[in-house]
Amino acid sequence: MDRLTSYAHGGGCACKIPPGELEQMVAGLTGTDSPGLVVGLDDGDDAAAVLLDPSGTDGTVLISTTDFFTPVVDDPYDWGRIAAANALSDIYAMGGTPLLAINLLGWPRGVLPVEVATEVLRGGMDICRQANTPLAGGHSIDNPEPIYGLAVTGRGHADRLLRNDAGRPGSPLSLTKPIGVGVLNNRHKATGEVFPQAVDSMTTLNADAAEAALVAGIEAATDVTGFGLLGHLYKLCRASGVAAVIDHAAVPVLAGARESLAEGFVPGGSRRNLDWVAPHLSSDLGEEELILLADAQTSGGLLLAGEIPGAPVIGELVPAGDGPTLTIR
């Protein structure tokens, strides 16, 4: 059997449809006025949230999300763990608690052995066990490329959601995981080199970070995935009507990412992310540093408008003016 990543045209969240194209697709599909819908498509939040009892005063919301992608590493068990952690992250990024997950699997029958699929599913199940989230059933199809992920249902409270439209000027910006996963995954796909630091980061749940954010009274957050740090920060700023200043030297970066970038391992998704935010960006940094800041992450950390223990402050939100939305210093 060839390496697992060789069966995919992209890997992880780097295989997302570019943000500009995606926004074109959903243009005109926002503004849903369904009763009880608390968070929908309008601002591109991490998940949807609906009141369980729109006519009541309880405030409990059901949070729903799905996420799946092609192989990001060659080890099928690790791929399953990464994909599951990434899908669960959307619930945590909203300040919710996952309640139930179901599998989503696309598999090239007759090309990849069934035993490999079993390892992928086992990885997803182990991460869900770690998250105390039942993983029950799902759906599978015969597909030219292997695809795996989860649909996840969670619970939260309408008054305690983390949203990307709640950023306020003066709030510090914190990041709970280092960036650079996309670059290292791109090198892994090209060379077969294994980067345990990237796997460890991608399989770390954002549960503790989300809980710490709620305890700290933080209201605005998003997770950093396929659109990169700059892309997700731009979306948060746009939804909140604010701008941001980033200290690039304060942004944590995985070991080996800068060296890999310098050697030419640049994910196409990361370059597209930078192209998308470039019209809204002011910086004197070189292209390589900007690509790293726009690097397409898989199962990245939470970007918080506030501070929690252990997460470096990388910048702050500022009032929106006539200038660029994002300033990198």
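**Exercise 1. Is Arg129 buried or exposed, and with which residue does the side chain of Arg129 meet in a salt bridge?**

Solution. 
Step 1. Arg129 has a relative accessible area of 55%, so Arg129 is exposed (buried is under 20%, exposed over 50%, partly exposed in between, with a 1.4 Å probe and protein chains only).
The model is predicted: local features need pLDDT of at least 70, side-chain atom pairs count only at pLDDT 80 or more, and totals for chains, interfaces and linings use all residues. Residues are numbered from 1 along each chain as its sequence is written, and side-chain values use heavy atoms, with hydrogens and water left out.
Step 2. The partner is Asp126, at 3.3 Å from N to O (a salt bridge is a side-chain nitrogen of Lys or Arg within 4 Å of a carboxyl oxygen of Asp or Glu). Side chains of opposite charge can pair when their charged atoms come close.
Step 3. Asp126 has a relative accessible area of 21%, so Asp126 is partly exposed.
Step 4. Both residues belong to helix α3 and are three residues apart, which means that about one helical turn separates them (helices, H or I with at least four residues, and strands, E with at least two, are DSSP runs numbered from the N terminus).

**Exercise 2. How many salt bridges does the rule give, and which parts of the chain does the pair Glu289 and Arg258 tie together?**

Solution. 
Step 1. The count is ten salt bridges.
Step 2. In the pair Glu289 and Arg258, the closest N and O atoms are 2.8 Å apart. Glu289 is in helix α10 and Arg258 in helix α8, so parts 31 residues apart in sequence are tied together.
Step 3. Glu289, at 22% relative accessible area, is partly exposed. Arg258 is also partly exposed, at 36%.
Step 4. Shared partners join Arg187, Glu193 and Glu263 into one salt-bridge network.

**Exercise 3. Which residues make the nonpolar surface patch, and which strand supplies the largest share?**

Solution. 
Step 1. Leu52, Leu62, Leu99, Leu100 and Ile102 make a patch of about 380 Å². Patches are made of residues with over 30% relative accessible area and no salt bridge, like charges being joined within 9 Å and nonpolar side chains (Val, Leu, Ile, Met, Phe, Trp, Tyr) within 5 Å. Areas come from the Shrake-Rupley method with a 1.4 Å probe; for residues, only the protein chains shown count as cover.
Step 2. Strand β4 (residues 97-107) gives the largest share, three residues.
Step 3. Leu99 is in strand β4; because its relative accessibility is 33%, Leu99 counts as partly exposed.

**Exercise 4. Are Asn132 and Ser299 buried or exposed, and what is phi for Asn132 and for Ser299?**

Solution. 
Step 1. Phi is near 55° at Asn132, a positive value in a residue other than glycine. Asn132 is in the loop between α3 (114-130) and β5 (135-142) and, at 68% relative accessibility, counts as exposed.
Step 2. Phi is near 50° at Ser299, again a positive value in a residue other than glycine. Ser299 is in the loop between α10 (287-293) and β11 (302-305) and, at 1% relative accessibility, counts as buried.

**Exercise 5. How many disulfides does the structure hold?**

Solution. 
Step 1. The number is zero (a disulfide is a pair of cysteine sulfur atoms within 2.5 Å).
Step 2. Cys128 counts as buried at 1% relative accessibility, and Cys237 counts as buried at 0%.
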